[in-house]
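Let's go through this one by question and answer, with the coordinates open on the side.

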Amino acid sequence: MRKPIHPPVPGSDAAELVQKHALVGHERLDSLRLGAPGDIVGLRRLVRESWQRSASLQANPDVAEAPLAMDQDELEEYRRQHPLATIMPVIKKLLVQPSHDSGLLVAVGDDVGRLLWVDGDPVMQRRAEGMMFVAGADWSEASVGTSAPGTALALDRSIQISGAEHFKRSVHPWSCTAVPFHDPDSGAVLGVVDITGTETAVAPHTLSLVEATVAAAQAQLRIERLQLAAAVRAKPRRRNSAATSSHALYRNSLQLLGRDQALLSIDGRTVSLSARHSEILAILGSHPDGLSAEDLCTQLYPGDGSSVTLRAEMVRLRKVIQELSPDAVPQSRPYRLPVELLPDSGQVLSCLQRGAHRIALEIYKGAVLPRSEAPGVVQLRERVGHLLREALLSDGSVDSLLKYAELPEAKYDVDLRLALLKQLPPRSPKRAAVVADLERIDTELSA
């Protein structure tokens with residue numbers, strides 16, 4: 001894991017300089033928001049780039065409170081089914097319990113920046129309520145701008161944010177350290193662990209403590225999964241009850257990117273789907289509220305779809321999913337999925353929404369079901385591909401653009417390579433390869 005650039009220790013001359021530069025930076029940001037030319041100066045690069053992303057995502061530094069993303073009932077149900085719920089005893093033992101008298105708060109959020117648990121010093125908890133640093137609030141960069149939880153998720157790395165480096169002015173009295181939490185099997189980002197408070201929250205030892213806690217929690221999640229798998233193998237007749245107990249250990253997922261046949265994973269069990277079943281789940285996964293038989297036919301079949309044919313496909317699909325988990329069998333009237341399913345295409349869109357372009361590109365393995373002609377799949381494929389390309393062209397690094405250029409869909413993308421030439425230094429050895437690529441495109445298209 002890449003280490004952050006540590007901010008100066010609060011209370012030192014260097015820390016006062018950071019505060020001064022951050023305040024100057026906010027004045028500069030105000031000018032940018034009004035359309036004046038220039039750049040945000042006086043901040044370390046990581047923070048400056050985060051502020052620029054925050055401004056582009058239209059986060060407002062003058063709104064004191066973070067928005068509430070979930071009410072109490074939604075929050076409790078979501079937490080109960082989330083994989084991070086199973087490792088909270090580890091977090092509480094290593095971070096929460098020591099923080100109660102230390103002036104610190106411990107927060108655990110999901111992969112899109114919504115805080116699921118906030119605990120710690122009671123006095124600090126009451127103070128933090130003033131800026132809505134509470135369970136259920138959205139602390140992504142898109143909502144509150146630069147903060148340790150949101151920026152750690154945007155960059156997928158450990159982050160420390162000190163005082164006025166925060167984008168939102170109401171958060172300037174606070175400092176924070178955050179570390180992403182990765183799935184121990186797939187490597188996907190499941191969430192983030194954060195410590196927030198006074199200057200202690202950005203001490204070097206705080207970062208080491210949070211990273212060690214996250215590593216221990218990831219190992220514990222892996223152990224619990226292995227124990228569950230062993231229990232299922234030992235008692236196959238009780239598989240369904242064991243699967244029910246495993247809901248909180250896994251994120252149900254659907255892999256669509258760069259594949260003609262999707263991989264469906266439910267409760268830790270995975271199956272390869274037929275092309276048609278892949279299309280059905282891709283469409284239903286994009287419509288969590290469900291679709292009528294008529295609407296699903298329209299999105300599934302390029303011509304006039306038959307509801308009789310659809311019903312037959314749904315019967316077969318239900319049998320496949322029944323083998324994985326009876327609780328996940330699609331419902332009808334409307335057709336919908338009764339369990340939360342996380343498509344990798346949805347992860348890409350979520351990352352793009354919060355400005356995490358590099359993570360989106362890592363997840364993106366290619367177009368959504370590239371050979372599918374189902375109208376709903378084509379629409380999803382074009383949306384994901386277009387938004388990723390536009391995000392990279394407007395805000396992508398050289399490395400990200402070079403990686404994107406290797407994808408099949410970028411083989412003849414002239415604008416992408418022109419954007420690369422604009423970013424590459426005049427003497428960069430990479431320019432020759434980009435120019436050669438442009439010549440290849442011109443030759444092949446001319447022929």
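Predicted model: local features only at pLDDT ≥ 70, side-chain atom pairs only at ≥ 80, totals over all residues.

Q: Is helix α13 largely enclosed or largely open, going by its buried residues?
A: Helix α13 covers residues 344-353, and eight of those 10 residues are buried. Among the buried ones are D344, Q347, L349 and C351.

Q: Which elements do the buried residues of α13 pack against?
A: Two of the partners are strands, namely β6 (253-255) and β9. The helices on the list are α14 (357-363) and α15 (375-395). Put together, the answer is β6, β9, α14 and α15.

Q: Which residue in β8 is the bridge partner of S265?
A: Strand β7 spans residues 263-266 and runs antiparallel to β8, with four bridges joining them. S265 has its bridge partner in β8, and that residue is T270.

Q: Why is the pair of W51 and F167 edge-to-face?
A: The count of aromatic pairs comes to two, and this is one of them. The ring centres of W51 and F167 are 6.0 Å apart and the planes stand at 85 degrees. Planes over 60 degrees apart count as edge-to-face, so with that angle the pair is edge-to-face.

Q: How many residues apart are W51 and F167?
A: W51 sits in helix α2 (residues 45-56), while F167 is in the loop between β3 (159-162) and β4 (175-182). Both are buried. The pair links distant parts of the chain, and the separation is 116 residues.

Q: What kind of pair do F133 and W139 make?
A: F133 is buried, with a relative accessible area of 2%, and W139 counts as buried at 2% too. Their ring centres lie 5.1 Å apart with the planes at 80 degrees, so the pair is edge-to-face.

Q: Which ring does the charged end of R127 sit over?
A: For R127, the charged end is 4.9 Å from the ring centre. Another arginine, R440, lies over the face of Y412 at 5.7 Å from the ring centre. The ring under R127 belongs to W174.

Q: How many disulfides does a search of the whole structure find?
A: There are cysteines to look at, including C176, which counts as buried at 4% relative accessibility. C297 is buried as well, with a relative accessible area of 7%. For disulfides, though, the search comes back with zero.

Q: What share of the protein's residues is buried?
A: The protein has 18 helices and nine strands. Among contacts with a separation of 6 or more, 61% are between residues 24 or more positions apart. Of the 447 residues, the buried share is 49%.

Key: Residues numbered from 1 in each chain as written. Heavy atoms only, no water. Phe/Tyr/Trp six-rings, centres within 6.5 Å; stacked < 30°, edge-to-face > 60°. Buried < 20%, exposed > 50% of the residue type's maximum accessible area, 1.4 Å probe, protein only. Lys NZ or Arg CZ within 6 Å of the ring centre and 35° of its normal. Disulfide = S-S within 2.5 Å. Pairing = 2+ DSSP bridges. Contact = heavy atoms within 4.5 Å.
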